[in-house]
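This report is written for a reader who is new to protein structure. Please consult the sequence and the model while reading.

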Amino acid sequence: MDLILLGSGNAATQLGNSLQKAGYRFVQLFSRREENARTLSRMLGDCPYTTDLSQIDPSKADAVISALKDSADEEVWQQIDFGNTPAFHTAGTMPM
């Protein structure tokens, strides 16, 4: 299964590593910080990464997983057209 991961913090790193070990493949990674994106990209098999939300293409994946800070979720999600691609989010305090 091909995935897009939004985020590069602790939750995204742990989730990404676990999913990769389970056989999932990351086809895109988004982070606001290029250094963080580059570091996590290397951990996830050198998947393509971007700091530009307009470059996220959900049609390239079977699902999108958001592991962003709760305060960033809504802002980011409003800028992406997910089309028919299922999108999931992790949250510490935000309701679904």
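Predicted model: local features only at pLDDT ≥ 70, side-chain atom pairs only at ≥ 80, totals over all residues.

**Strand S1 and its partners**

Strand S1 covers residues 2-6, and four of its five residues are buried, so the strand is largely enclosed by the rest of the structure. S1 runs parallel to strand S2 (residues 25-30), to which five bridges join it. Within this pairing, Leu6 stands opposite Phe30 of S2. Between S1 and S2 the chain passes through helix H1 (residues 10-21), and this β-α-β crossover is right-handed. S1 also pairs with strand S4 (residues 63-66), again in the parallel sense, over four bridges. Here Leu3 has Ala63 of S4 as its bridge partner.

**Salt bridges**

Side chains of opposite charge can pair when their charged atoms come close. The structure holds two salt bridges, listed below.

| Salt bridge | Closest N and O atoms |
|---|---|
| Arg25 with Asp2 | 2.9 Å apart |
| Glu34 with Arg38 | 3.7 Å apart |

The pair of Arg25 and Asp2 links distant parts of the chain: Arg25 belongs to strand S2 and Asp2 to strand S1, 23 residues apart. Glu34 and Arg38, by contrast, both lie in helix H2, four residues apart, which is about one turn of the helix. Glu34 is partly exposed, with 42% relative accessibility, and Arg38 is partly exposed at 30%.

**A loop residue with positive phi**

Most residues other than glycine have a negative phi. Asp46, although not a glycine, has a positive phi of about 60°. Asp46 lies in the loop between helix H2 (34-43) and strand S3 (49-50). Its relative accessible area is 57%, so Asp46 counts as exposed.

Definitions and conventions. Residues numbered from 1 in each chain as written. Heavy atoms only, no water. Helix = DSSP H or I, 4+ residues; strand = E, 2+ residues; numbered from the N terminus. Buried < 20%, exposed > 50% of the residue type's maximum accessible area, 1.4 Å probe, protein only. Pairing = 2+ DSSP bridges. Right-handed = clockwise from strand over helix to strand, strands pointing away. Salt bridge = Lys/Arg side-chain N within 4 Å of Asp/Glu carboxyl O.
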